[in-house]
Amino acid sequence: MFDPMKRTPLFEAHEELGARMVEFAGYSMPLHYQAGINQEHLTVRQGVGLFDVSHMGEVRVVGPAATTFLQYATLNDPGRLKPGRGQYSMLPNATGGLIDDLFVYREGADDYLVVANASNTAAVVRHLQDLAAGYDCHVIDESDTVALLALQGPGAPLLLGQLVDDDLGQLKRNATLDVVLSGIPVRLSRTGYTGEDGFEIFLRPTDAVSVWSMLLAAGASPCGLGARDTLRLEAGFPLYGHELTETSNPLCTPFAWVVKDKEFFGRAAMWDPACATRLIGLRLTERGIPRQGYRVLDAAGAPVGEVTSGALSPLTRDGIGFAWVSRELAEPGTELAVEIRGQAVAARVVQPPFHLA
Amino acid sequence: MKTPTELRYAESHEWVALDGGTATVGITDFAQDQLGDVVFVELPEVGRRVSRGEQMAVIESVKTASDIYAPVSGVIEAVNDALDGQPELINSEPYGGGWLVRIGLSDAGELGSLLDAAAYAASASEEH
């Protein structure tokens with residue numbers, strides 16, 4: 001059956017801006033605008049960029065047992081959150097891997113909003129609903145009633161501060177604040193996926209065009225999914241489907257800090273792994289661009305791993321990426337190589353982020 | 001999308017400018033637009049012999065690495081060294097400063113199989 005691509009409330013706005021639209025997770029989304037990925041990337045590092053991320057999923061978990069349930073269902077501990085705060089987290093499967101990575105906001109004592117990747121939202125909702133069967137709480141997919149923008153870059157607080165009455169200097173990292181933008185109620189979260197200061201803006205889909213236009217008029221530049229990917233990679237953030245998968249154990253990655261020592265779903269399969277391979281950051285010391293699936297070689301030229309994401313850092317112009325490599329080669333400083341079109345291109349294990357070195 | 005009428009084209013999106021027995025080769029405006037920001041270019045060695053349709057270069061954009069094929073057979077006489085430091089010339093001047101290689105033709109008869117601007121534009125718009 002013909003299954004048309006889904007659209008965010010900003011589809012027409014993207015087309016009017018001359019965006020290159022691509023299919024992503026079932027949605028027609030902007031890959032880049034006329035400035036191009038590199039320029040959009042640098043705008044977020046140096047100015048203010050605005051992203052439409054309305055394709056992301058929003059799942060409410062609410063009820064007297066919501067905290068206990070999410071402490072069991074997710075790897076971080078939402079019980080540590082005060083209302084109005086959020087945390088990066090992950091959703092484990094039964095076999096030691098992940099169904100998705102998440103951002104979990106505590107909106108009230110017994111009320112949470114879970115933000116999931118668009119491509120995984122259906123699976124996240126299904127899993128949470130199944131798992132919540134024995135708990136006094138409800139899992140509700142609110143994805144279609146929430147639009148989401150991301151205003152990112154060092155200039156974001158000043159730009160947004162001119163449009164609200166509130167003092168955004170008081171809004172801490174990972175905290176949320178309800179504000180009114182020229183008469184439109186929105187929820188701000190001081191979060192992002194770029195490695196820069198900035199805000200994510202939750203709003204009603206019917207308000208999305210107005211707020212988008214308002215922020216562009218105030219000086220933000222539209223940025224697409226292409227720059228979102230290079231920014232997150234440079235900042236050392238994982239992307240589900242690349243660094244994190246159904247079979248990758250987060251305890252063998254730089255994101256092991258998320259996993260708290262408590263009872264959680266799938267703990268027996270995940271806990272205390274041997275980590276025969278580890279996820280590491282790579283910086284090429286010769287010219288070249290690592291890409292997903294390229295082989296990683298040791299100093300003798302033997303294959304020891306595989307790249308999960310790679311790019312030419314728009315900021316430093318080095319080839320950078322994540323890769324799984326044999327445990328004994330995972331120490332920062334270890335000299336490795338990436339096989340690019342049959343050639344071994346020298347690389348070094350580094351600790352992300354890649355752009356602050 | 002610009003397709004200058006004085007050039008000849010391959011369906012694989014290379015353009016060819018003839019000057020006697022030498023063909024200057026680049027990629028088309030359509031191709032650079034599809035690739036997006038070019039960030040890295042790997043060109044062949046001068047003196048290498050290439051056959052029509054043979055992979056001779058790689059252009060990497062932010063998102064992907066793309067093979068570039070020789071639109072005509074011959075010997076690589078020169079490569080555009082400026083692309084080493086300014087790969088973005090392929091985006092900004094695909095028919096000028098973004099040229100890739102010059103090939104000394106070994107078979108002028110092959111030129112007849114290249115497309116004119118109208119035929120290439122039609123072929124590219126079908127792909128789009």
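A:C275 is buried, at a relative accessible area of 9%. Buried here means under 20% relative accessible area, exposed means over 50%, and partly exposed is in between, with a 1.4 Å probe and protein chains only. Its partner is A:C252, and the two form a disulfide with S to S at 2.0 Å. The rule for a disulfide is a pair of cysteine sulfur atoms within 2.5 Å. By that rule, the count over all chains is one.

Now the geometry. The torsion about the S-S bond of A:C252 and A:C275 is about -85 degrees, so this disulfide is left-handed. A:C252 sits in the loop between α7 (225-234) and α8 (267-270) of chain A, and A:C275 in the loop between α8 and β14 (277-284), so the pair ties together parts 23 residues apart in sequence. Helices (H or I, at least four residues) and strands (E, at least two) are DSSP runs, numbered from the N terminus. A:C252 is also buried, at 5% relative accessibility.

Two further cysteines. A:C137 counts as buried at 8% relative accessibility. A:C223 counts as buried at 1%.

A word on the source. This is a predicted model, where local features need pLDDT of at least 70, side-chain atom pairs count only at pLDDT 80 or more, and totals for chains, interfaces and linings use all residues. Residues are numbered from 1 along each chain as its sequence is written, chains are lettered from A and ligands numbered from 1 in the order written, and side-chain values use heavy atoms, without hydrogens and water.

Confidence next. pLDDT is the predictor's confidence in each residue, from 0 to 100. Chain B has a mean pLDDT of 96, with 99% of its residues at 70 or more. The model scores ipTM 0.87 and pTM 0.95.

On to helix α4 of chain A, residues 121-131. Its buried residues include A:T121, A:V124, A:V125, A:H127, A:L128 and A:L131. What covers them? Among the elements are β4 (57-62), α3 (66-73), β5 (85-92) and β6 (98-108) of chain A.

A:H32 lies in β2 (residues 27-32) of chain A, and counts as buried at 12% relative accessibility. Contact means heavy atoms within 4.5 Å. Not counting residues up to four places away in sequence, A:H32 touches A:A19, A:R20, A:I37, A:E40 and A:G224. A:F24 lies in β1 (residues 20-24) of chain A. A:F24 counts as partly exposed, at 37% relative accessibility. With that exclusion of up to four places, A:F24 touches A:M29, A:H55 and A:L225.
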